[in-house]
Structure formats: structure tokens, C-alpha cells
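Student: I would like to go through this model with you, one question at a time. Please show it first.

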Amino acid sequence: MTTTATSMPGATPKPSRPKRKWSWSHFFIYFVLSLVSLFTVLAFFWVIMISLKTTPEFLTTSPWALPEKLHFENYLTAWKKARIGSYFGNSMIASFAGAGISVMISALAAYVLARVPFRFNDAFGIYFLVGYMVPLMLTFIPLYFMMQSFGMSGMIPLILLYVASGVPFNTFILRGFFESLPSELEEAAVMDGASPFRAFWQIMLPLSWPGLISAFLINFMSLWNEFFLALIFLKKENATLPLGLFYMAQRAEYTAQWTDLFAGMIITTVPILIIFALLQKQITTGLTEGALKG
Amino acid sequence: MYQRSRRVLVIPFLAPTFIIYTIFVFVPLALTVYYGFTNWQGHTLDRPWYGLGNFRLILLDNQVIGAFLNTFKFAIYGALIIFIPALFISWALSQSIRLKSFYKFIIIAPLVLSVIVVGLMWKLLYNPVFGPINNLLNLVGLDQFALPWLGDSRTVILAIVIATAWQQLGMWVLLISAGMNRIPSELMDAARVDGANEWQVYWKITFPLLWGILRLLFILWIILSLQVFAQIWIMVPHGGGGGAEVVATLIYTRAFASQQWGLAAALATILLILIFTASLVTNRLTKRETIEF
């Protein structure tokens, strides 16, 4: 636990904190915050501990017992035999392609909506926003048959849907971002004879990196975690991590291969927690702005 | 002059997003509503017009009514469970305390976890044989509370709501904290100077100014809970024999298992309308004068 605490960014208390009188309300604050945090930390610790036990050990000892020996080879078994490795690759492809393409095309649209006044500007803005309230989960029946009639299966329809599902959030948040950029630079570039495309590509796009990265990260994380569309469009053989874990959990009910499953859960979680720990500020700002401005 | 020259960008820049979004979001939305009025079943692509037939069937179907009741239960339990802890925790995190960013990180972190990890973790925590929750209850002598949480139709919804609330708490704390940061501290200081205690400052100044954000969070929660699927499907596959059947799981089984595509689409349409109206109603009911600052 101490290692978790010290590796957290900004966890060390600042020395210049105003001295406060000890009071019951302070005690209560610490008590509740610690209780909530302790629960989360313990739950995670429990999953990690079980991922390091052997299956017989897991089934026979108390759930709170520490492993007698740390069986890191569970991770290797999960990665190779339980195919977590291949699920991991599929998740990487789907999330990278989905988030990358979606942010890219949404950035183009958002730029036009934010910076070019034309007649249907607002109408397009509202049109893209409708999808914010329409969950893809409710439209899966036409989607399922549409993909079949296009002759598409597996990863391709999934990525297409991931791209489409990111559009409302991305155009919305990036439009706000482009609107906040100063227009003088762009105007100056056009005055100097740059084409409108070059003014976008060489002036505005580089300025908007922070917004693009924040949007990409939020898309990436939600796609990395996406379950429903994967359930509909993928099979056991080409599953992403969430779906692969789902089938593993079903199998574990019969085969009792629980320790692999726990290792798989940790493998799924670690990349996302690392991204979150490193880029907490960008991610939380993106989430907050996306919600508050909507 | 330069504004006009940039208009050449409109079509090429909008086209990719417009096409993908229209094909994969908008058209399926319209088609779902249309399919809801057809008697489309089985292995054909034959979709005879059925009028309000599906909707009539839905009203007479006890399984459907049960699924709707469970969905509402999920929404209401969740809102009740998250609300007070979220307010308290975000208030606590706004005080000058040590390890603030550590606490904040831990409390928000579940938000970025996959629903499969959260679902499986809680499912295993609740497990009556090797799960630590019941184990702990037995240890401290509360044997009567060591229930098969997910196996009992009376507790299953509550158990799943708790898991979901644990994850969503992060979003609430994040947004409420952001809202509290936007309130100018002069407002609170002025009240303190006038002799208000912290309790009064919170309820008379901070809380009313947070109302807009709380309203938003309630709407987000309603949208999330009316379509809740993954949590249920992961923790109690196939709705746990009806105890945890919600509308979304019912749509899924009516579509893929019984191949009643028309009926499933009609259910999806009802859920869509519910989501829209629930958001509007929440918005209206909780409307107070918006305070600009």
C-alpha cells in the first residue's frame, strides 16, 4: 500500500499548508475518505493477490489469506494459454483505430463548425449533438443487419461503429476548443497568401494538439473498456479484452480457472490506470468540460 | 474576403464525419423506430407492417412490465445511493486536508475501469463461497447478512446498483468538485464574515450554486441507468432468472434468442422515448433560477 501511495503524483503533502486546529469534523473527513479509499484499494489488492495464487490454493484457503508463493507465471499462462495476449492486441487495434480516426475526422468537422460561418453551420452542430443522447445500444438491430448486408464482420464494423460513436463528443468538445483559439494567426497566414487548407494544417492544427490529445485519450479509454458492441460483432476467436474476459469468466464457472481470469483483469486494467495516473489532469478536464458544456 | 475563401473547406471537412455519423448513428436510429412498427420475426428479412401491434403485445407482457420495473428500481436506488456520499466526499475534498490528491485519485480511479473488470470484481466479491464480503460478515458474526447477494431476486438489483454506484461516484465527485471550484470564494467569505457557520455556508450558498451540476448528474445517471446492460449481463448472465431482467437485457434476448426483431425494436423505441422524456422532466423538475457568477 505504501508503494501505491508514494507513486501517486502529487501525493506528498505540501509543506506550506496552513495549520489548522484539530477538530471532530476533520477527524470525520479523514475517517470517511480513508474508508472509501481503503475499500477500493483493498478490493484491488484482493484481485492482485488472487491472480498470484494457484487455483487449488484459491479454492481452499480463506479469501483473505495471502498467497504462499507469488505465482507470477499465472500471467504468462493467462497471456498465452488463455489468449489474453491476442485479446490485448485486438483491443489495441480497435481502440487506437477507433479513437484515432474519430478524433481526426471530428477535428476537421469541428474546425469548420467553429471557424467558418456558413448557412447550415448551427444545423450541423445540432445534428451531431443528437447522437449524444442516443445510445448505440438501442440501435443495434439495424446495425447488426446492416453490417451483414455489407458483408462485414469482425473488427471492421466494430471500428466503424467506434468511430461513429465518438463523433458527437469529439465534434462538440473540439468545436469549443477551436472557438477558443485566437483568430489573428490564421488571418495573418491567409493574408500572407497561405491557402485556407494550409492555414488550418500548419497554424490551427498544431495549436489544437492539447485538445486533440485530451479527446483521443477519453475516446481511447472508453473504447478500451467497451463491451456491448464487441459482444454483438465479435466472436470468441477475435474478441477484445472486455469480451475475452467475459467468456473466460463463463468458462471459469466450469473449469475453475479463476487465477487466469484475475490475472486477465489486472492486465486489462493496468494500461488504463497508467494512462490515468500520468495524464489525470487532461483526462479529468476533458471529462468535466464535455459534461459541463453539454 | 478570407472568410469566404475558407468556405471551400466546408464540404471536404464535413463530409467524412457527416457520412459516417449519418450511416451508423442516424439511419439506424430511424430504422429502429420503423422496425418497431413491423411484425419482423425469425430468420427472414420480411418486415410486414404491424401498426401498434408490438406495443400492444408489450403492454400485455408481464416479463416486459417486470423488466421496466427493475429498470426504474435500478435508476432510483442508484440516485439515492450516490447522491449523499458524492456531496459529502466532494465537500470533504474541498477542505484543506492532507493527501488530498491521493484520495481524489483513488476515488475517481474506478471511473476509468472497464465495466467488465468492475462487474467481474464485484461478482467475485459477492461470491457466497469464496467472496470476501460474506467471509467478512461471517467473521464479525453478522452471519444473517451473509446472503447470496446476486442469487436472490430481492437483493440482486441492489447489489448491482452498489457496484455501479461505486464506479460512477468518481464522475459525481469530479463534476461536483469542478462546480465547487467555480464558485468565487468571496461569496463564502462574505457569509462567514456575517457570522454564518460552515453548515449554513454550505446549504445556503454552495449547494444552491451546485444545483445546475447536480441536475446534469441526475440526467446523466438516468440516461445511464435506463439503458443499463453490461453490468447486468456480466454479473448475472441472462438476467438471473428474471430477478435482474432490465429492459436492455430483455431487448437483447428478444432480438438474438427469440428473434422477435420487431418487438425488440419497439422496446428500444420506448426506451429511447423514455430517455428523452426523463431527461426533459428532470431538467424541468429541478429547474431553479440559474445563478450566473
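Tutor: Domain bounds come from an automatic or database domain assignment. This is a predicted model, where local features need pLDDT of at least 70, side-chain atom pairs count only at pLDDT 80 or more, and totals for chains, interfaces and linings use all residues. Residues are numbered from 1 along each chain as its sequence is written, while chains are lettered from A and ligands numbered from 1 in the order in which they are written.

Student: Which domains does the assignment give for chain A, and how far apart are their C-alpha centres?

Tutor: The assignment gives domain 1 (21–74) and domain 2 (78–293) of chain A. Between the C-alpha centres of domain 1 and domain 2 of chain A the distance is 32 Å.

Student: Which element gives the most to the side of domain 1 of chain A that touches domain 2 of chain A?

Tutor: Contact means that two C-beta atoms, placed from the backbone, lie within 7 Å. Ten residues from domain 1 of chain A and ten residues from domain 2 of chain A take part. Helices (H or I, at least four residues) and strands (E, at least two) are DSSP runs, numbered from the N terminus. On the domain 1 side, α2 (24–51) and α3 (55–60) of chain A each give two or more residues, and the most, four residues, comes from α2(A).

Student: Is L241(A) buried or exposed?

Tutor: A residue is buried if 20 or more other C-beta atoms lie within 10 Å of its own, exposed if 12 or fewer, and partly exposed in between, with C-beta atoms placed from the backbone. L241(A) sits in helix α13 (residues 241–255) of chain A. Leaving aside neighbours within four places in sequence, its contacts are Y87(A), F88(A), S91(A) and T268(A). With 31 other C-beta atoms within 10 Å, L241(A) is buried.

Student: Why is helix α5 (residues 100–108) of chain B largely enclosed by the rest of the structure?

Tutor: Chain B has 13 helices and zero strands, and buried residues make up 44% of its 293 residues. In α5(B), the buried residues are F102(B), Y103(B), K104(B), F105(B), I106(B), I107(B) and I108(B). Helix α5(B) is largely enclosed because the buried residues number seven of its nine.

Student: What is the handedness of the crossing of α8(B) and α10(B)?

Tutor: Helices α8 (residues 156–182) and α10 (residues 198–226) of chain B pack at about 140°, with axes 9 Å apart. Axes are lines fitted to C-alpha atoms, for helices over the stretch in contact, and angles run from 0 to 180 degrees between N-to-C directions. A crossing is left-handed if the near helix is turned anticlockwise from the far one by less than a right angle, and right-handed if clockwise. This crossing of α8(B) and α10(B) is right-handed.

Student: Which helix of chain B gives the most to the side that touches chain A?

Tutor: Across the interface, 70 residues of chain B are in contact with 77 residues of chain A. With 14 residues, the most on the chain B side comes from helix α2 (residues 10–35) of chain B.

Student: What ipTM does the predictor give the complex?

Tutor: Start with pLDDT, the predictor's confidence in each residue, from 0 to 100. Chain B has a mean pLDDT of 88, and 94% of its residues reach 70 or more. For the complex, the predictor gives a pTM of 0.89 and an ipTM of 0.90.
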